[in-house]
Amino acid sequence: MSMLITVFGADGRQGQSVVHRLVNDGKFSVRAVLSNNNRNALAIGRVEITRCDLGDKDAVQQAVCGSYGCFVLTRTEVSRPDATEKEIREGKNIADACALHKVSHVVVSTQLNTERALGIVARNMVAKAMVEEYMREICLPVTGLIIPCYYEHFLDVFKPYKTGPSDYEIAVPMGTHVWDIISVDDVGEVVRHVFNNKTQYLNKTLSLAGDKLTIKEIADILTRQLAPRKFKDKQSGPKIQRQLYQGN
């Protein structure tokens with residue numbers, strides 16, 4: 001009999017990557033949790049689809065019921081002034097449901113707490129760090145995965161902008177710092193591996209990276225691969241980074 005993994009955050013690319021990899025593994029059955037306001041169907045065979053208001057404790061408990069494991073990716077609603085509080089509250093609801101139903105292994109997509117480490121309130125990162133912290137406080141069997149930027153973000157969030165007929169600039173506020181980066185599809189493969197090797201990874205937090213590159217190095221790679229287009233790093237340092245994180 002296959003083990004049921006419930007995937008919270010199956011609306012987005014990371015969650016869908018996890019769903020695909022677990023389904024293809026063959027050892028797991030998968031329940032994909034979508035938010036109530038997501039009108040798009042998750043077109044993956046052999047997946048149980050459930051819609052859930054993560055603010056509703058009873059609904060979350062029902063979504064978790066019967067699960068061997070849970071993958072937890074909480075969502076930051078950046079347009080809301082209370083985005084951090086809402087994300088933490090929903091993450092705690094999931095954690096409490098996992099505790100109630102004695103889930104054997106929880107894999108949580110987490111981040112560093114930038115407020116504590118840097119004095120910068122990156123709301124999505126702080127919230128995810130606080131959710132992981134709460135899971136450990138209530139003694140859930142947890143593995144944390146710190147997820148870096150996706151390569152795929154250069155197709156949307158960090159898409160280079162055109163400055164000339166064949167010239168592009170990448171405006172990412174990293175200065176000359178090395179950046180951890182990964183393909184979102186590889187996240188699903190890591191999660192699949194962690195669920196298959198619980199003893200090895202239980203009660204640990206792992207930081208993932210497919211590459212460690214500066215923005216200039218990324219620009220050079222794009223220039224080589226997409227010639228005759230030319231890409232360059234539009235230098236933007238810590239001051240701009242702080243403004244972006246704080247929403248100024």
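Helix H2, residues 57–64, and helix H3, residues 83–100, have axes that come within 9 Å and cross at roughly 50 degrees. That makes H2 oblique to H3; angles under 35 degrees count as roughly parallel, over 145 as roughly antiparallel, 65 to 115 as roughly perpendicular, and the rest as oblique. Axes here are lines fitted to C-alpha atoms, for helices over the stretch in contact, with angles from 0 to 180 degrees between N-to-C directions. Helices are DSSP runs of H or I, at least four residues, numbered from the N terminus.

This is a predicted model, where local features need pLDDT of at least 70 and side-chain atom pairs pLDDT 80 or more, while totals for chains, interfaces and linings use all residues. Residues are numbered from 1 along each chain as its sequence is written, and side-chain values use heavy atoms, without hydrogens or water.

Lys57, Val60, Gln61 and Val64 of H2 make the contact with Asn93, Ile94, Ala97, Cys98 and Leu100 of H3, contact meaning heavy atoms within 4.5 Å.

Now Lys57, which lies in H2. Lys57 counts as exposed, at 51% relative accessibility; the cut-offs are buried under 20%, exposed over 50% and partly exposed in between, with a 1.4 Å probe and protein chains only. From Lys57 to Lys86 is 29 residues in sequence and 13 Å in space, C-alpha to C-alpha.

Last, the cysteines. How many disulfides does the structure hold? It holds 0, a disulfide being a pair of cysteine sulfur atoms within 2.5 Å. For Cys52, the closest cysteine sulfur is in Cys70, 11 Å away and too far for a bond. Cys52 is buried at 3% relative accessible area, and Cys149 is buried at 10%.

Key:
Helices (H or I, at least four residues) and strands (E, at least two) are DSSP runs, numbered from the N terminus.
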